[in-house]
Amino acid sequence: MINFGSGNTVIKSKLISRRMFVLTAAKTIVFCGIFGRLVSLQINEATKYKTLSDKNRFREWKLAPQRGIIRDYFGKEIAANEKVYQLHITPENSPNLETLFFRLKTMLNLSDKRIFYLKRKIAKQKPWEPIIVSDNLTWSEFSRINLFLHELPGVEPIVSVARQYPDQSTAHLVGYVSQVSQKDLQKKEYLKDMSVGIAVGKTGLENKLDKDIIGKVGFQRYEVNAFGKRIKQIQIDPGESGKNYRTTLDLEVQKYTSEVLEDKAASVCVMDIYNGDIITMASSPSYDPNSFVHGIDKKYWNQLISNEKKPLNNKAIAGLYPPGSTIKIIVALSALENGIWNPKKYLNCSGVTELYGEKFHCWKKKGHGPMNMRSAIQRSCDVYFYEVARLLGVDRLSETAKKFGLGKKVLDGFIEERTGVVPSTAWKRKFIGKNWYLGETLHSGIGQGYFQSTPLQLCLMTAQIANGGFEIKPRVLTSEKKNNLREYIKYKNENPNEPLPIDMLVSNFDLKPLFRNQENINFVKDAMFAATNEAGGTSFRSRYNDQKFMFAGKTGSSQIKRFTELQRELEIKQKDIDYKDRDHALFVAFAPYSDPKYAISVVVEHGGTGSGSAAPIAKKVIKKVLERDQLRENVKNLSGEEI
Amino acid sequence: MFQPRSIQSSMTLRDKIMSMDYVLVLSILLLGIISMFAMYSTDGGKFDYHTKSHILRFGVFFLMFLVISLFQIRLWYQTSTLLYLSFFILLLGVKYFGLTSSGSQRWLNFYFMNLQPSELMKIGLILFLAKYYHRISTQDVNRIKFLFLPVVALVAPVLLVVAQPDLGTSILIALGGITVSWLAGVRVKFFAYASILFISLTPIAIAFLKPYQKARILTFLNPDRDPLGAGYQIIQSKIAIGSGGIFGKGFLNGSQSYLDYLPEKHTDFIFTLFSEEFGFVGSLFILVLYSIIIFRLINIGDVTRSSFGKLYCYSFATAFFIYVAVNMGMVLGLLPIVGAPLPIMSYGGSSMLAIMLGLGIAMSCKIYKDTPVN
């Protein structure tokens with residue numbers, strides 16, 4: 001045993017102290033290391049970690065904005081919002097997604113494909129972001145979910161709003177909304193920060209106005225704990241509902257037009273000839289745009305796309321038809337404007353003319369006899385216009401036709417609108433790569449051959465003739481802009497002895513005249529009057545005797561298939577041949593004749609003749625429009641907000 | 001050089017109290033008070049279970065520390081072997097009667113508390129080895145036959161604790177034992193041999209590691225390996241400390257802990273919580289307090305005459321330092337998460353008991369610095 005106080009203890013103490021010194025040095029170094037680490041974390045990298053801490057702390061939930069409402073001229077809703085019942089799942093609140101889906105599958109009749117899709121979507125997004133299992137539950141499904149809610153953790157029944165279209169007649173113009181697709185995300189920048197499940201405009205106005213009508217997405221910012229539970233609300237931005245729009249449409253007329261068209265494959269456009277307001281733009285048959293909002297039923301979709309009358313197609317702007325005899329008003333105008341034809345010149349129509357070794361037939365086999373330009377328009381004599389067209393040449397015709405609105409898009413921002421074709425020698429070389437044949441000029445002179453136009457283009461053409469030959473810009477949305485054309489006409493009526501020449505006068509009103517001599521326009525208008533209101537006119541049977549409704553129009557029919565010599569011999573009637581082979585029936589008009597206000601175009605696919613099927617429709621619609629003219633005048637100055 | 005024994009034994013209570021190290025006492029008290037506020041914050045700013053329980057424990061064990069200080073150092077010298085053996089028996093008891101919680105069996109259920117004998121063993125081993133090396137001569141220290149007992153005394157409890165499994169505590173126990181041996185003068189070459197042996201056995205040991213322990217080591221090497229799993233704790237702890245900045249987010253405003261992003265916030269990660277709320281300044285203050293405590297413990301070792309006292313105080317100071325360094329290194333992302341509480345501040349009765357026992361014995365060395373132990 002070692003005794004206390006022996007020398008050994010001293011040696012031992014020294015040894016211990018020596019070794020302790022080493023340890024103390026080591027301790028100092030380690031504490032310096034810890035100090036250094038604290039400096040690095042809390043001073044040098046503090047900003048980085050503060051950001052990370054906030055990322056932990058805050059979570060954002062997006063709030064889908066309400067889509068703006070689209071109304072007609074009188075303030076009636078044509079695209080509204082309605083309450084819908086939805087089912088959302090927040091994945092992180094559900095302890096077992098498998099069993100949850102199993103239960104929902106039986107409760108809501110979900111397909112395996114849908115469940116697979118939902119699961120894949122859950123895997124892609126953050127666990128606290130809700131996914132929409134069903135965006136339109138029936139009341140009975142909704143109440144069943146609510147009944148079993150306590151057994152379905154993670155499920156949230158939600159009352160939301162969705163697009164609702166009260167009337168099918170506006171389906172084509174207004175278009176529809178549907179789920180966002182990959183393509184939408186690529187094309188539409190503003191969808192990037194939108195929440196999932198928002199509906200996006202696919203066609204028509206819904207697509208054109210999408211950016212502003214969709215609204216501004218809001219968000220709620222919450223402080224959450226590590227388990228995702230919301231602790232407190234930090235910030236809320238309710239977002240903004242989309243802009244509301246007032247259109248120029250008259251829903252009453254639109255509905256009425258739809259009824260008149262029944263289930264014919266047809267379209268009707270009515271336009272205010274002074275300001276370009278589109279009163280009606282109907283396409284028939286229609287479809288139910290509501291069926292797209294929550295994902296279209298496959299059966300209904302197949303039914304729509306297999307229908308030979310093409311219900312999804314907006315025929316007013318996307319349907320292309322040869323203008324047929326309706327082009328004659330442009331041919332006549334062009335000939336007069338270019339001074340190559342005396343309107344009083346008589347030609348004899350024998351029913352057929354032979355040029356360049358080819359026979360060109362008039363629609364009337366027996367011929368019209370002696371015709372001047374007015375009667376040729378009145379009775380739609382083809383032979384007369386073959387000769388006019390021959391002398392005019394296709395290029396001058398094309399220039400006038402383009403000036404009056406054919407061959408270019410009429411509206412802005414409608415993806416479905418088509419351009420049509422106004423043929424010319426240059427056009428044929430460019431697009432067909434061949435030289436122009438003179439015989440083709442003759443076909444063009446009666447609106448056949450390469451000519452292709454939309455019903456809206458024909459309506460615009462008629463409107464610009466009816467208003468005295470001034471350019472107007474057709475529009476679907478109301479605008480606060482001053483109507484110069486009306487003011488000009490008012491001024492001219494009040495100052496009949498105005499000494500200023502007409503071209504200086506119109507430039508004072510910021511108008512663009514489309515004529516060289518307004519007398520030529522008036523001549524054409526008069527000829528159109530004759531066609532409807534004088535015996536022998538092509539649309540004489542559809543006339544009104546009442547001054548108030550009296551209109552002036554031009555019929556047309558465009559051939560689908562050339563008549564064979566045999567059919568011509570047998571005098572086969574249109575109604576006796578196959579539907580698919582029948583001519584398209586066209587009619588353009590303006591009304592009332594004494595003080596023109598509106599232009600109309602009617603196209604009935606495979607309708608046979610313009611006088612037989614298109615003009616009677618126009619007659620009915622014109623009456624309806626004129627009856628409502630005063631009402632329209634009364635609400636003219638209301639802005640969208642007041643309605 | 002030596003004072004007569006009679007003076008020492010005739011010390012009055014007043015003398016004893018007067019000769020305490022007040023810097024040490026005050027530092028401990030201050031740290032204890034800070035820990036109460038930290039605990040209050042972990043309870044979400046409410047005077048709740050953890051806060052109450054922590055205050056009670058600190059109060060009781062702090063009194064115990066003062067009482068223990070007054071006991072003769074000779075008493076601790078004489079009973080050290082007994083203490084070691086009884087702690088060892090308790091460890092054995094854990095193996096057969098222990099409570100299991102989150103996959104490891106560490107606790108014995110006593111009526112008033114759940115005792116974790118492995119914490120006590122940290123002190124027990126130091127006491128035992130200090131006495132052992134006090135008794136043998138400097139020459140004998142490096143003789144193989146005298147190395148045998150310390151190795152057994154060290155390895156046996158460490159193996160028991162590893163088997164619980166509790167890697168963190170077993171490492172801390174071993175480091176305490178190694179420190180005593182180092183101070184007693186065991187040659188560097190023996191430590192070298194032991195290290196080589198240890199390293200060569202490591203691959204075999206790894207095969208016996210629980211999967212979560214393997215994951216912890218891998219995670220330490222690369223915390224982003226599994227950010228939502230094992231790396232979560234390190235990442236969230238670093239975020240909490242870093243986001244505290246220079247002055248911290250303010251008392252009760254530590255969003256990381258308040259919103260439960262911090263795991264084990266009242267035990268192993270109490271420093272993280274404090275650091276988030278009081279920033280660099282607060283962290284530094286804690287670091288300084290611990291440095292003072294360690295410095296004062298070393299100082300007691302310096303003034304104590306007996307080899308037992310010196311060995312014990314130095315070793316305990318070093319062990320105390322290691323506990324602090326391992327815990328801070330862990331929460332700062334410098335060491336793997338091994339499960340080591342921060343002395344005094346962390347919630348946990350056994351740890352508090354062991355630390356206060358250790359501090360009490362050190363204080364007893366101070367009061368009886370001139371008294372021989374045998």
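The legends below describe close-up views of a predicted model. Local features require pLDDT of at least 70 and side-chain atom pairs pLDDT 80 or more, whereas totals for chains, interfaces and linings use all residues. Residues are numbered from 1 along each chain as its sequence is written, with chains lettered from A in the order in which they are written.

**View 1. The largest nonpolar core.** This core (buried Ala, Val, Leu, Ile, Met, Phe, Trp, Tyr and Cys residues joined through C-beta atoms within 7 Å) contains 120 residues, and A:Met271, A:Ala332 and A:Ile600 have the most contacts inside it. Helix H20 (455-466) of chain A gives the most to this core, 8 residues. Helices (H or I, at least four residues) and strands (E, at least two) are DSSP runs numbered from the N terminus.

**View 2. Strands S11 and S12 of chain A.** S11(A) (residues 266-272) pairs with S12(A) in the antiparallel sense over 6 bridges; pairing requires at least two DSSP bridges. A:Ser267 has A:Ser283 of S12(A) as its bridge partner. Because 7 of the 7 residues of S12(A) (residues 278-284) are buried, this strand is largely enclosed by the rest of the structure. Buried denotes 20 or more other C-beta atoms within 10 Å of the residue's own, with C-beta atoms placed from the backbone.

**View 3. The contact between chains A and B.** Here 39 residues of chain A are in contact (C-beta atoms, placed from the backbone, within 7 Å) with 42 residues of chain B. Helix H1(A) supplies the largest share of the chain A side, 21 residues.

Notes: A residue is buried if 20 or more other C-beta atoms lie within 10 Å of its own, exposed if 12 or fewer, and partly exposed in between; C-beta atoms are placed from the backbone. Two residues are in contact if their C-beta atoms, placed from the backbone, lie within 7 Å.
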